Amino acid sequence: MRLLLLAPPGAGKGTQGERLAAWSGAEHIAAGDLLRAEARAGGRLGREIAAYQARGDLVPDQTVLDVLTPPVTGAAARGGYILDGFPRTLPQAIAAAELAARLGVTLDAAVYLYAPEEVLTQRLLDRASQGGRADDVADVIQHRLQVYAETTGPLVPYYTERGILVAVDADQSPDSVTADIQARLSGLPRTA
């Protein structure tokens with residue numbers, strides 16, 4: 001199975017990615033985790049990524065593609081992937097679709113998790129109070145949600161037009177979200 005998880009910050013991409021990986025046998029690849037690991041590793045690329053993340057801005061497309069292409073193509077060769085947090089922009093989506101078509105590993109579905117902004121904000125603030133990430137502070141959260149709406153929001157109609165969008169209400173318990181996703185994906189052919 002080859003899936004993309006599309007959701008604003010705080011909607012539960014990480015949780016659902018792990019659950020769907022266990023359910024489908026595909027590899028969960030969290031773009032944010034890979035970018036944060038690169039930032040922690042230092043070096044020129046790591047410092048550049050860290051600066052974008054500290055402001056709550058998106059890392060440039062080519063940088064993201066350079067970091068993610070090896071793990072995604074490796075997972076596809078091993079039977080499937082659940083890509084969490086990429087693509088974030090329409091140009092990334094188009095470039096990723098072109099690459100996937102060339103490699104014969106196109107998406108089976110794009111799962112869109114949605115929830116009201118106030119729910120997302122509270123989830124991120126709760127995560128911060130439990131030792132969350134450096135960008136889980138109120139002003140950066142609001143900026144991240146705005147950046148998401150402006151840059152990632154256009155992916156919803158893009159994947160809808162391609163006929164592969166699966167929209168799921170994330171303003172419910174994690175178990176209910178997982179059950180909804182599984183029910184909606186159960187008719188898809190599994191490539192894994």
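# Close-up views of a predicted model

**View A. Five parallel-paired strands form an open sheet.** The order of the 5 strands in this open sheet is β2-β3-β1-β4-β5, with parallel pairing. Strands (E, at least two residues) and helices (H or I, at least four) are DSSP runs numbered from the N terminus, and two strands pair if DSSP finds at least two bridges between them. The edge strands, each pairing on one side only, are β2 (27-30) and β5 (165-169). On average, neighbouring strands of the sheet are turned by 20° against each other, direction ignored; axes here are lines fitted to C-alpha atoms, for helices over the stretch in contact, and angles between N-to-C directions run from 0 to 180 degrees. The model is predicted: local features need pLDDT of at least 70 and side-chain atom pairs count only at pLDDT 80 or more, while totals for chains, interfaces and linings use all residues. Residues are numbered from 1 along each chain as its sequence is written, and side-chain values use heavy atoms, with hydrogens and water left out.

**View B. Strand β4 pairs with β1 and with β5**. The parallel strands β1 and β4 are joined by 4 bridges, and L3 has A109 as its bridge partner in β4. Between β4 (residues 109-114) and β5, also parallel, there are 5 bridges. A110 is partnered with L165 of β5, and Y112 with A167 of β5. β4 is mostly covered, with 5 of its 6 residues buried; buried means under 20% relative accessible area, exposed over 50%, and partly exposed in between (1.4 Å probe, protein chains only).

View C. Helix α9 (residues 174-185) lies across β1 (2-6), β4 and β5, and runs at about 155° to β5.

**View D. The largest nonpolar core holds 31 residues**. A nonpolar core is a set of buried Ala, Val, Leu, Ile, Met, Phe, Trp, Tyr and Cys residues joined through side-chain atoms within 4.5 Å. L6, Y81, F86 and Y159 have the most contacts inside this core. At least two residues each come from β1, α2 (31-41), α4 (61-77), β3 (81-84), α5 (90-103), β4 and α8 (155-161). The greatest contribution is that of α4, with 7 residues. A second, separate core has 24 residues, among them A7, A26, L145 and A170.

**View E. F86 packs beside a cis peptide bond to P87**. Omega of the bond joining F86 and P87 is about 0°. P87 belongs to the loop between β3 and α5. Leaving out residues up to four places away in sequence, F86 touches L4, A31, V64, L65, L68, Q92 and A96, where contact means heavy atoms within 4.5 Å.

**View F. There are 2 aromatic pairs**. Rings of Phe, Tyr and Trp (its six-membered ring) pair if their centres lie within 6.5 Å; planes under 30 degrees apart count as stacked, over 60 as edge-to-face and the rest as tilted. Y112 and Y114 form a tilted pair, 5.7 Å centre to centre with 35° between the planes. Y112 counts as buried because its relative accessibility is 18%, whereas Y114, at 35%, counts as partly exposed. Y158 and Y159 form an edge-to-face pair, 4.9 Å centre to centre with 70° between the planes. Both Y158 and Y159 are buried.

View G. H143 belongs to helix α7 (residues 138-152) and counts as partly exposed because its relative accessibility is 28%. A128 is 15 residues from H143 along the chain, and their C-alpha atoms are separated by 16 Å.
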